[in-house]
Amino acid sequence: MLKYAVKRILQLIPMLLILSVIVFSIVHLIPGDPVSNMLGPDVPSEMVEAEKERLGLNDPLPVQYINYMKGLFTGDMGTSIVTGKPVAEELAKRYPPTLILAVGGTVVAALIGVLFGIIAAVNHNKFVDNLLMVLSLTSVSTPSFFLALILMLVFCLQLKWLPSIGLKSPLHAILPVFTLGITAVGFITRTTRSAMLDVINQDYIRTSRSRGVPKRVITYVHAFRNALIPVTTAVGLRFGSLLAGATLVETVFSIPGVGRFLVDGVLKRDYPVVQGTILVLAVTFVVVNTVIDLLYAAVDPRIKYD
């Protein structure tokens with residue numbers, strides 16, 4: 001197990017280096033000039049060129065990449081071209097709200113989705129199964145910003161139970177977390193149902209039934225435990241998608257998170273902001289998937305890492 005963990009961690013190094021090259025190249029292919037956007041259209045071209053020279057934007061791309069990676073290895077993610085503030089400090093302030101939304105949304109989606117998936121599998125091809133499949137399809141098909149507006153209209157404007165803007169307290173987090181969680185319920189529900197149906201039809205489940213083992217024990221101990229591998233993978237994938245896809249929810253609820261920071265950086269062609277934000281999100285996603293791979297052995301003891 002330890003040998004496999006070390007191997008997986010070492011595999012992250014070339015993966016992240018390749019990712020940094022891709023991100024750096026794509027960012028610099030974005031049309032537009034960040035310096036012109038920052039200074040305005042009426043600034044003389046001499047001043048624009050002088051600012052580019054100061055920022056190192058006139059250097060060849062390989063040189064810019066090497067300089068960027070040198071700073072990255074020392075903890076310097078660059079300075080925002082627009083605000084002049086260090087990107088690392090900005091991300092340190094904006095990352096926790098996004099992480100709260102992603103973790104909260106994943107927990108909500110996992111609890112509801114796994115429960116619905118188990119119920120649907122146990123009641124296969126019955127009314128409850130069909131109803132839950134319709135609800136899961138509705139969940140997957142509903143845009144997060146639309147659901148956020150509906151929830152805000154009902155619980156903030158009509159009932160006045162919850163605040164609608166910011167993330168200053170646990171009450172402020174309820175609606176955005178629930179919004180992200182609901183949009184991810186459908187995927188986890190369908191994955192859990194499919195995995196449970198594969199297990200329920202196995203011979204050892206039929207043997208347990210013939211021996212008179214209680215249905216609850218068969219469902220939640222024998223069947224669900226052996227269906228945890230795809231369910232765990234689905235939950236991990238949803239966490240990564242919620243972490244990177246919380247932009248719309250952050251915008252609707254006016255939460256200063258990483259998603260809004262990234263969108264603002266793209267609109268203003270702020271290269272250091274875009275590069276730093278994408279790399280942080282990518283590293284988080286890769287680390288989470290690595291942790292999930294390591295959890296497989298705990299979830300299913302039959303798995304042996306050689």
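This is a predicted model: local features need pLDDT of at least 70, side-chain atom pairs count only at pLDDT 80 or more; totals for chains, interfaces and linings use all residues.

**Stop 1: the whole chain**

Which secondary structure elements does the protein chain have? The chain contains 14 helices and zero strands, so that its pattern, read along the sequence, is α-α-α-α-α-α-α-α-α-α-α-α-α-α. Turn the view along the principal axes: the C-alpha trace spans about 85 × 60 × 30 Å.

**Stop 2: surface and interior**

Colouring by burial picks out 43% of the 306 residues as buried. If contacts are drawn between residues at least 6 apart in sequence, 73% of them join residues at least 24 apart.

**Stop 3: the charges**

Select the charged side chains of the protein chain, which comprise 26 positive and 19 negative charges.

**Stop 4: helices H5 and H11**

Now select residues 87–122, which form helix H5, together with residues 228–244, which form helix H11. Two packed helices are described by the angle between their axes and the distance between the axes. Here the axes come within 9 Å and cross at roughly 145 degrees. The crossing of H5 and H11 is right-handed.

Show the side chains where the two helices meet. On H5, the residues in contact with H11 include Thr-98, Leu-99, Ala-102, Val-103 and Gly-105; Thr-106, Ala-110 and Val-114 of H5 also take part. Their counterparts on H11 are Val-231, Val-235, Phe-239, Leu-242 and Leu-243.

**Stop 5**

What is the phi of Asn-125? Although Asn-125 is not a glycine, its phi is positive, at about 65 degrees. Is Asn-125 buried or exposed? Asn-125 has a relative accessible area of 58% and therefore counts as exposed, the cut-off for exposed being over 50%.

**Stop 6: the loop between H7 and H8**

Finally, select Lys-160, in the loop between helix H7 (144–158) and helix H8 (170–200). Lys-160 is not a glycine, yet its phi is positive, at about 60 degrees. With a relative accessible area of 66%, Lys-160 is exposed.

Methods
Residues are numbered from 1 along each chain as its sequence is written. Side-chain values use heavy atoms; hydrogens and water are left out. Helices (H or I, at least four residues) and strands (E, at least two) are DSSP runs, numbered from the N terminus. Buried means under 20% relative accessible area, exposed over 50%, partly exposed in between (1.4 Å probe, protein chains only). Contact means heavy atoms within 4.5 Å. Lys and Arg count as positive and Asp and Glu as negative; His and the chain ends are not counted. The place of a charge is taken as NZ of Lys, CZ of Arg, CG of Asp or CD of Glu. Axes are lines fitted to C-alpha atoms, for helices over the stretch in contact, and angles run from 0 to 180 degrees between N-to-C directions. A crossing is left-handed if the near helix is turned anticlockwise from the far one by less than a right angle, and right-handed if clockwise.
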